Structure formats: C-alpha cells, structure tokens
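Here is a briefing on a two-chain model. Please keep the sequence and the structure open while you read.

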Amino acid sequence: MTHAQEHISHTKLIWKVFAILSVITIAEVALGITKPASLHLTKILGTSPLNIIFLVLTLVKAYYITWFFMHMADEKKSLRRAVVWTAVFLIIYLATLLLIEGSYINDVLSPLTKWNY
Amino acid sequence: MEVTIPTENKGASWDGGNNNPLGASYGKMMMWFFILSDALTFSGFLGAYGLMRFKFHDSWPIADEVFTHFPFLHGVHAPMYYVALMTFILIFSSVTMVLAVDAGHQMNKKKVTFYMLLTIVGGAIFLGSQAWEWKNFINGSYGAVQLNDGKIIQFVDATGEQITLESFVKPLPSERTQHTANKGIWFRKEAELSPFSLNEVVESFKANPGISIRTEQINPELKSKTIVPHNEALAYLLEGKAVVKGANLQVNEYGKTLFANFFFFITGFHGFHVLSGVIINIIIFFNVIIGTYERRGHYEMVEKVGLYWHFVDLVWVFVFTFFYLI
C-alpha cells in the first residue's frame, strides 16, 4: 500500500472542481429563472436551445464529478471504459427508444384530447 | 461432460493471487459495477419520466410554477432558489467527502474524521431540505378544481397570475361531516375533506367577474398555460368533480397526477440513497474514530464509501436537470 509521504495532496484540484461545479450550477439556475425568450421560445434540434444548454451543462457536471471526485481519471483505462462506455451506450439506447415512443404516443393522443367544454 | 476446474488458486478470493483485474481492488471494482447498475436503474426511472413527459408534453406541469417556496419567505414567488440551495449542499458535501478521501491517502486520521463529519452533516441537511420540499408539494399552494375527466383547472386573476382558493371563495352555510370509521360504515374511510366544497367555489367564481381559470394546456408559442376568459369558464367548472389542495398519488393540484407520482418516486428513491449513504458514512466515521483503518494501514474503505456518496450527488445533478430545469 501507498505510504503517506508518497502521496501528494489534490486539495487544490478539488477546490478548483468545486468552483467549476458551482459556476455551472449558478449559470443553470440563472438561466432557469430568467428564461430568456430568445433561448426559451425558439427551436433547435427538436427542442429549445435552453434545454440543450441545460443538457450539455449537466453532462459537463457529470464529467467533473466522475473524473475528479470519483477519481475515474486515476483508474486504469480498462476499468474506465467498462463502466463509462457501458453506461453511456445503454442509457442513450434506452432514452432514444423511450423518447421516440413518447412523442409517437403524443402524436396519436393529442388530437383526441378535449380542451374545451 | 468434462468441466474445467480452476486449480491454481483453489477457490481463494481476490487476495489469493497477485492478479488485480482492471488494476483495482476487489471492493473498489465491485463498488464501480454496483454504481453502474444503480445508474442504469435511475436511467430507467428517468427514462420512464421522459416517456410520459413526451406523451403529455403539451400539458405537463411547469416546474417553476410548482416549486416556488423558500424558507422564511412566505408568499414570495421564489422558483428554483430552494432546489439550487439543495444542490449546493449536496455538491459541498461531495467536496468534503473527497477531501476526506484525500486526507486518507495521507493517513491523516484527524482530517479524515473532520471531513467525514462535515459530509454526514451535509447529507443530513439535504435530507431535511428534501422533506421540506415534499411537505410544500403535499400541502400545495393555490388549490384547484379537478374535472370529471381528471383535468385540473386553476384560478387566475386579471393579470393571469395564479390566485389561491382562499382569496376568493366565500363559505356557504352547509353541513358536511367527514366520514370517519366511528361515524358511518366502520370499514370505510374518506379522504380528508377539502377546505371548500365545489359548490362554494362555483358560486364564488360567479360572484367575482375579475377572476378566470386556466387549463393544463400549454400554449406552444409562449410556453405557458392557456387562460380561459371568465364568461367561458363556467362551462368548465360545471364539469367539476372535486376541489383539490396539494398533491398526492391520486390527485395533484399542479396538473398531471403522473407528475406527482414520478416526483415522489424518483426523488424518494434518490432520497433513500442519500439516507443509506448517510448511514454508511456514519458507520465508516466511527470506524475511522476507533482507528480501524489506521490499523489496517490504508483508508480504502473511505474511498469506497466516497464513491457511493459521489454517485448520489451525480444522480441529483440529473434529477435536478430533468425535474426542475428542462
């Protein structure tokens, strides 16, 4: 096992990652509260640009937590790929099928929904 | 049939040989694979939520209008601030956890103890916040009317802002006793009566020409709920079934009951993870204090429980995005 003297402290890196995560969260909350019309009410790639920004920022946060808080960066490449690639592939697969199905159900259902009485 | 039997290490465990698959100890690798499977479980739940949201994307509740409370700010419309605070609490407890792991690498027992304690406190504060969030959601804020087909009708003033039932409904002289086990059929119970009867709401609505209703339907151009003018609104209210206050698994004043179901289930499942994380952290904390890992020569156990704790934080990042932001 490693000895105390051999191990350098990562405290500086930890606080840096905390700062990055905080800034991203503050940006998300600020955007979520103000909801600028140019980002919220326009459409790009089937959704609003605001939603895309939220998704990308979330993935960035997930990357920092996994790589630097969970020390995935220090693991062997084989372990990293076994865990990360499996999760990323299966989740994308599941989400794609479910969301396509969801919007199909909406296409069928929404013309039949009554909104006036 | 012949079977190949491993003879080299005679069924000994991971420690039996010098091989270390994937360069990780047995416990750490298994923690990673547990986290992987748990991540897929959460993806299943969030995926189901996404399916239902796509299905009802033209009538789903708008999160900013649902979670608007902040402690000590009564009646102030404060969307998102509280959940942002919760996110910070959880991220910060992740930071103290990783600082504990870092101190463990340096065999610094005092620092590990201190940072583990901070992590436990952070987790407990998060759990308390979660309970408060649930309390507000269950008690509701405005009140609404549920129609015969299950749709929810909310009340708005002339400016289109939501108003509470209390602000315009006048009680009528009537008698309605709650059905309890000792006041009727002993094996039947009745859900708690809403503060107003449907008739009172309809009559007060007629008497207030300044107010109107809005349906769950979302106007796609403005991404806001559709407001029905006062003179057309009565036809909706005559379809009314019940007066609703708050949210539970049967009915939800904010809109789709499914929203409440998913909210309770997914944040509940996450909260259960936080709870078990806090309990495991407490166990490890006492092990640190009595010097178990000092004697063992390494603090890998802190690292493993740290992995779980960070995973809980990671899940919250996604729950936060899908329930509150998008």
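In the hairpin of β3(B) and β4(B), four residues lie between the strands. Lys223(B) there takes a positive phi near 50 degrees. Strands here are DSSP runs of E with at least two residues, helices are runs of H or I with at least four, and both are numbered from the N terminus. Two strands pair if DSSP finds at least two bridges between them.

This is a predicted model: local features need pLDDT of at least 70, side-chain atom pairs count only at pLDDT 80 or more, and totals for chains, interfaces and linings use all residues. Residues are numbered from 1 along each chain as its sequence is written, while chains are lettered from A and ligands numbered from 1 in the order in which they are written.

**The sheet of chain B**

- β3 (residues 212-219) and β4 (residues 224-228) of chain B pair in the antiparallel sense, over four bridges. Ile213(B) faces Val228(B) of β4(B) across this pairing.
- β1(B) and β2(B) are also antiparallel, with two bridges. Gln146(B) has Ile152(B) in β2(B) as its bridge partner.
- β1(B) and β2(B) form a hairpin too, with four residues between them. Gly150(B) in that turn has a positive phi of about 95 degrees.
- β1(B) pairs with β5(B) in the antiparallel sense over four bridges. Ala144(B) stands opposite Val244(B) of β5(B).
- Together, five strands of chain B make an open antiparallel sheet in the order β4-β3-β2-β1-β5. Its edge strands are β4 and β5 (240-244) of chain B, each pairing on one side only.
- Neighbouring strands of the sheet are turned by 40 degrees against each other on average, direction ignored. Axes are lines fitted to C-alpha atoms, for helices over the stretch in contact, and angles run from 0 to 180 degrees between N-to-C directions.

**Helices on the sheet**

- Helix α5 (residues 198-207) of chain B lies across β1 (144-147) and β5 of chain B. It runs at about 95 degrees to β5(B).
- Helix α6 (residues 230-237) of chain B lies across β1, β2 (152-156), β3, β4 and β5 of chain B. Its angle to β3(B) is about 80 degrees.

**Domains**

- Chain B splits into domain 1 (46-140 + 259-325) and domain 2 (144-244). Their centres, taken over C-alpha atoms, are 36 Å apart.
- Chain A has domain 1 (1-74) and domain 2 (75-117). The centres of these two domains of chain A are separated by 22 Å, again over C-alpha atoms.
- Domain bounds come from an automatic or database domain assignment.

**A helix pair within chain B**

- The axes of α7 (residues 257-289) and α9 (residues 300-325) of chain B come within 10 Å and cross at roughly 160 degrees. α7(B) is therefore roughly antiparallel to α9(B). (Angles under 35 degrees count as roughly parallel, over 145 as roughly antiparallel, 65 to 115 as roughly perpendicular and the rest as oblique.)
- The contact of α7(B) with α9(B) has 16 nonpolar, six polar and no charged residues. Ala, Val, Leu, Ile, Met, Phe, Trp, Tyr, Cys and Pro count as nonpolar, Asp, Glu, Lys and Arg as charged, and the others, Gly among them, as polar.

**Where chain A meets chain B**

- 49 residues of chain A are in contact with 52 residues of chain B. Contact means that the C-beta atoms of two residues, placed from the backbone, lie within 7 Å.
- α1 (11-34), α3 (49-69) and α4 (77-109) of chain A are the elements that give two or more residues to chain A's side. α4(A) gives the most, with 18 residues.
- By class, chain A's side has 27 nonpolar, 17 polar and five charged residues.
- The axes of α1(A) and α3 (residues 81-105) of chain B come within 10 Å and cross at roughly 170 degrees. That makes α1(A) roughly antiparallel to α3(B).
- Residues of α1(A) that meet α3(B) include Phe18(A) and Leu21(A). The contact of α1(A) with α3(B) divides into 10 nonpolar, three polar and one charged.
- The axes of α3(A) and α9(B) come within 10 Å and cross at roughly 175 degrees. α3(A) is therefore roughly antiparallel to α9(B).
- Among the residues in the contact of α3(A) with α9(B) are Lys61(A) of α3(A) and Asp313(B) of α9(B). This contact has eight nonpolar, four polar and two charged residues.
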